[in-house]
Amino acid sequence: MLCADRSPKYGTPVLFSGDEVNYDAVLDYESIGERFIHGSYTSDVGPDGQVRGFYAMINDLTELKRSESALRASEHRMRLLAENVRDYAIFTTDEEGVIDTWNIGAENIFGYRAEEILGQNAEVLFTSEDRARGIPMREMRLAKRNLRAADERWHVRKDGSRFFASGVV
């Protein structure tokens, strides 16, 4: 694949020109099947400026690529599930409590459309009494420490009406 002059197939400078060559490829090995590899070749240039050889590093990234693909598929399925559940409010926040996802169930229950609530702090969903007592931030701290925080409490809809709900952060 590499030679001392320009590669007619790829039209790029090749190894003995002194250039570094990096590439990704899917190779089909007879004994182990298809593998996704990353190759990196660097010229060994002598004190006289002449290329006298090269260093090669080949990394087999097959398992990494498979894992990335499986993660993307899992995230897609989870997103489809969360976006289409209508009977439960499912939303996420960042570490400061700012709402960054909002499903149709949350819209049905709380009354906010996604474009209205995204970017707001989730504290708006708590009663003024709970906000005054610092309950929203206390729940977030508890969830960070214990990986979850369950509660049953009053929450507030967009129209100001209150409803009692069980929730898990």
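## Briefing: a chain of strands, helices and aromatic pairs

Of the 169 residues of the chain, 27% count as buried (under 20% relative accessible area; exposed is over 50% and partly exposed in between, with a 1.4 Å probe and protein chains only). Please keep in mind that this is a predicted model, in which local features need pLDDT of at least 70 and side-chain atom pairs count only at pLDDT 80 or more, while totals for chains, interfaces and linings use all residues. Residues are numbered from 1 along each chain as its sequence is written, and side-chain values use heavy atoms, with hydrogens and water left out.

**Overall layout**

- The chain has five helices and seven strands, taken as DSSP runs numbered from the N terminus (helices: H or I, at least four residues; strands: E, at least two).
- Read from the N terminus, the order of elements is β-β-β-α-β-β-α-α-α-α-β-β.
- The chain has a radius of gyration of 28 Å, whereas a compact globule of 169 residues would have one near 15 Å (taken over C-alpha atoms; the globule rule is 2.2 Å times the number of residues to the power 0.38).
- The C-alpha trace spans about 80 × 40 × 30 Å along its principal axes.

- Three strands make an open sheet in the order 1-2-3, with antiparallel pairing (two strands pair if DSSP finds at least two bridges between them).
- Its edge strands, strand 1 (21-29) and strand 3, each pair on one side only.
- From one strand to the next, the twist averages 30° (axes are lines fitted to C-alpha atoms, for helices over the stretch in contact, and angles run from 0 to 180 degrees between N-to-C directions).
- Nine bridges join strand 1 and strand 2 in the antiparallel sense, and Tyr29 stands opposite Gly33 in strand 2.
- Helix 1 (residues 62-84) lies across strand 2 and strand 3, and runs at about 125° to strand 2.

**Aromatic pairs**

- Rings of Phe, Tyr and Trp (its six-membered ring) pair if their centres lie within 6.5 Å, with planes under 30 degrees apart called stacked, over 60 edge-to-face and the rest tilted; by this rule there are eight aromatic pairs.
- Tyr41 and Phe54 form an edge-to-face pair, because their ring centres are 5.7 Å apart and their planes stand at 65°.
- Tyr41 lies in strand 2 (residues 33-45) and Phe54 in strand 3 (residues 51-60), so this pair ties together parts that are 13 residues apart in sequence.
- Tyr41 is buried at 13% relative accessible area, whereas Phe54 is partly exposed at 38%.
- Phe91 and Trp102 have ring centres 5.2 Å apart and planes at 40°, so they count as tilted.
- Phe91 is partly exposed, at 29%, and Trp102 is buried, at 11%.
- One aromatic cluster is formed by Phe91, Trp102, Phe110, Tyr112 and Phe163.

**Nonpolar cores**

- The largest nonpolar core has ten residues, including Ile99, Trp102, Phe110, Leu125 and Phe163 (a core is a set of buried Ala, Val, Leu, Ile, Met, Phe, Trp, Tyr and Cys residues joined through side-chain atoms within 4.5 Å).
- Strand 5, helix 2 (104-110) and strand 7 (162-168) each supply at least two residues of this core.
- Apart from this core lies another, of five residues, among them Tyr23, Ala25, Ile37 and Tyr41.

- Most residues other than glycine have a negative phi.
- Leu147 is not a glycine, yet has a positive phi of about 70°.
- Leu147 lies in the loop between helix 5 (135-146) and strand 6 (150-156) and counts as exposed at 76% relative accessibility.

Notes. Contact = heavy atoms within 4.5 Å.
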